[in-house]
Amino acid sequence: MGASLSNLTDNGVTMGPGLGDIPESCVACVFMYLTPPEICNLARLNRAFRGAASSDPVWENKLPSNYQDLLGLMPPERYQNSSKKDIFALLSRPVPFDDGNKEVWLDRVTGRVCMSISAKAMAITGIEDRRYWNWIPTEESRFQVVAYLQQIWWFEVDGVVKFPFPPDIYTLSFRLHLGRFAKRLGRRVSNYEHTHGWDIKPVKLELSTSDGQHASSECCLDETEQDDINGNHKRGCWIDYKVGEFVVSDSEPATEVRFSMKQIDCTHSKGGLCVDSVFIIPSNLRERKIKGVWK
């Protein structure tokens with residue numbers, strides 16, 4: 001390739017090679033080592049960078065090995081004849097399945113698979129009885145609705161998902177909120193009228209997988225006095241409670257994950273809790289999410 005016009009000085013003297021002289025194939029090789037946001041930023045530099053940033057080999061390298069399984073969750077007309085770049089963009093937005101009660105998507109920086117499961121997809125003891133539970137519509141949930149517990153003695157939430165997760169280490173966590181929340185005069189307010197019983201005994205969280213992995217944890221959801229001392233308030237905030245980790249070594253066969261949250265000591269009642277969803281996220285991405293930089 002000859003020198004580009006951008007390499008000429010005001011007096012017409014030719015300078016050395018510039019970015020415009022780099023072959024598109026070389027740029028594509030470099031892009032293999034960059035993240036999708038970095039590739040999209042560099043695509044604005046010139047034509048060679050823009051061409052490399054749209055090439056299928058670059059974006060196929062960013063997609064999980066079994067991305068076709070994710071595409072299988074949506075109608076073929078949405079992705080037929082699409083470039084790999086367009087497929088990545090499509091899968092980086094939530095893809096609903098199981099009647100819209102579960103979502104899967106690709107992390108926009110790493111291309112790794114993440115999942116969220118609505119409380120609607122879980123088996124909740126007493127959910128049919130409005131004396132105990134209610135469904136609350138809200139924009140604070142990915143699924144636009146959360147389950148609110150007023151009062152119950154036997155607290156148990158169970159769920160299961162079977163999915164061809166790509167090889168990775170995943171963390172499963174429950175997203176919970178102490179107290180009922182609403183908006184008044186444009187401001188978010190929380191009501192703790194029914195919040196009780198979560199400081200007496202811990203809630204047990206468990207997971208198991210179809211290949212024999214197990215993990216569990218215990219925590220008191222409401223530790224008001226201790227939170228006041230530490231300045232770490234749980235009430236009125238959405239908190240992700242980690243259940244544990246599991247390892248996937250191969251996407252075939254699909255991994256079945258069972259998870260639960262229980263506090264079945266019937267010597268005392270408990271209430272005032274919102275159950276939103278369960279997240280299954282690659283473990284080091286969860287740390288990025290906690291720090292507030294997760295996409």
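Where pLDDT is low, predicted coordinates should not be read in detail. The chain as a whole averages a pLDDT of 88, and 86% of the residues score at least 70.

Two housekeeping points. This is a predicted model, in which local features need pLDDT of at least 70 and side-chain atom pairs count only at pLDDT 80 or more, while totals for chains, interfaces and linings use all residues. Residues are numbered from 1 along each chain as its sequence is written, and side-chain values use heavy atoms, with hydrogens and water left out.

Now the sheet. Strands here are DSSP runs of E, at least two residues long, numbered from the N terminus; two of them pair if DSSP finds at least two bridges between them. Five strands make an open, antiparallel sheet in the order 4-7-14-11-12. Its edges are strand 4 (123-124) and strand 12 (214-219), each of which pairs on one side only.

Take strand 11, residues 203-209. Six bridges join strand 11 to strand 14, and six join it to strand 12, antiparallel in that case too. On the strand 14 side, L205 has M261 as its bridge partner, and T209 stands opposite V257. On the strand 12 side, E206 is bridged to S216. Strands 11 and 12 form a hairpin with four residues between them, and G212 in the turn has a positive phi of about 95°.

In a regular strand the side chains alternate between the two faces of the sheet. In strand 11 the covered face carries V203, L205, L207 and T209, and the uncovered face K204, E206 and S208.

Next, Q263, which is in strand 14, residues 255-263. Is Q263 buried or exposed? Its relative accessible area is 3%, so Q263 is buried; the cut-offs are under 20% for buried, over 50% for exposed and partly exposed in between, with a 1.4 Å probe and protein chains only. The Q263 side chain makes a polar contact with the side chain of H268 at 3.2 Å. A polar contact is a pair of N or O atoms within 3.5 Å; within protein, one must be able to donate a hydrogen and the other to accept it, and residues adjacent in sequence count only if both atoms are side-chain atoms. Residues that Q263 touches, leaving out those up to four places away, include W153, W154, F155 and W198.

Last, the backbone. Most residues other than glycine have a negative phi, and most peptide bonds are trans. Which residues have a positive phi without being glycine? D98, at about 55°, and D99, near 60°. D98 is in the loop between strand 1 (95-97) and strand 2 (102-106), and D99 is found in that loop as well. D98 is partly exposed at 37%, whereas D99 counts as exposed at 76%. The peptide bond joining E252 and P253 is cis, with omega about 0°, and P253 lies in the loop between strand 13 and strand 14.

Methods. Contact = heavy atoms within 4.5 Å. pLDDT = per-residue confidence, 0-100.
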